[in-house]
Amino acid sequence: MIRVAELRQREVINVIDGRRLGTIKDIDLDLEEGRVRALIVPGQGSKFLFFFGREEDLVIPWENVVKIGIDVILVESYSSTAPVHREKA
């Protein structure tokens with residue numbers, strides 16, 4: 001069993017292009033079904049966007065998680081539009 005605090009310390013890596021997506025900021029849970037729906041990683045906007053625009057979080061659907069390792073979480077993202085973006089609240 002893995003604790004959420006342990007998951008948040010692991011780097012999220014896209015296995016398709018090797019890009020580091022960051023560490024988990026939040027987890028989207030489906031309380032009715034008792035399952036994880038998605039991992040949420042802070043957006044990676046440029047400094048320009050940081051000062052003048054909204055940075056978006058990356059929402060990685062649970063189905064895209066390939067492997068949870070000791071130090072990293074491997075995910076599949078086939079295009080630049082995936083993972084899905086969600087505006088910060």
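What pattern does the protein chain follow when it is read along the sequence? In this predicted model, the protein chain follows the pattern α-β-β-β-β-α-β-β-β-β, and it has two helices and eight strands. Of the 89 residues in the protein chain, 28% are buried. The protein chain exposes about 6,400 Å², and carbon and sulfur atoms supply 54% of that area.

Four strands form an open sheet, with mixed pairing, in the order E2-E1-E7-E6. The edge strands of this sheet are E2 and E6, the latter covering residues 65–68, and each of them pairs on one side only. On average, and with direction ignored, neighbouring strands of this sheet are turned by 20° against each other.

Within that sheet, E1 and E2 can be followed residue by residue. The two strands run antiparallel, and three bridges join them. Glutamate 11 has threonine 23 in E2 as its bridge partner, while isoleucine 13 stands opposite arginine 20 in E2. E1 and E2 form a hairpin with five residues between them, and in the turn glycine 18 has a positive phi of about 75°.

The loop between E1 (11–14) and E2 (20–23) also holds valine 15.

Charged side chains make up another part of the picture. In general, side chains of opposite charge can pair when their charged atoms come close. How many salt bridges does the structure hold? The structure holds five salt bridges. In one of them, the side chains of arginine 19 and aspartate 17 meet at 3.4 Å, N to O; arginine 19 counts as partly exposed at 34% relative accessibility, and aspartate 17 likewise counts as partly exposed, at 49%.

Another salt bridge brings together the side chains of arginine 37 and aspartate 28, at 3.1 Å, N to O. Here arginine 37 is partly exposed, with a relative accessible area of 38%, and aspartate 28 counts as partly exposed at 24% relative accessibility.

A further salt bridge is formed where the side chains of glutamate 63 and arginine 35 meet, at 3.9 Å, N to O. This pair links distant parts of the chain, since glutamate 63 is in the loop between E5 (56–61) and E6, whereas arginine 35 is in E4 (residues 35–41), and the two are 28 residues apart. Glutamate 63 counts as exposed at 58% relative accessibility, while arginine 35 is partly exposed, with a relative accessible area of 35%. Salt bridges that share partners join Glu33, Arg35 and Glu63 into one network.

Terms used: Residues numbered from 1 in each chain as written. Predicted model: local features only at pLDDT ≥ 70, side-chain atom pairs only at ≥ 80, totals over all residues. Heavy atoms only, no water. Pairing = 2+ DSSP bridges. Axes fitted to C-alpha atoms, helices over the stretch in contact; angles between N-to-C directions. Buried < 20%, exposed > 50% of the residue type's maximum accessible area, 1.4 Å probe, protein only. Areas by Shrake-Rupley, 256 points an atom, 1.4 Å probe, with all protein chains shown as cover. Salt bridge = Lys/Arg side-chain N within 4 Å of Asp/Glu carboxyl O.
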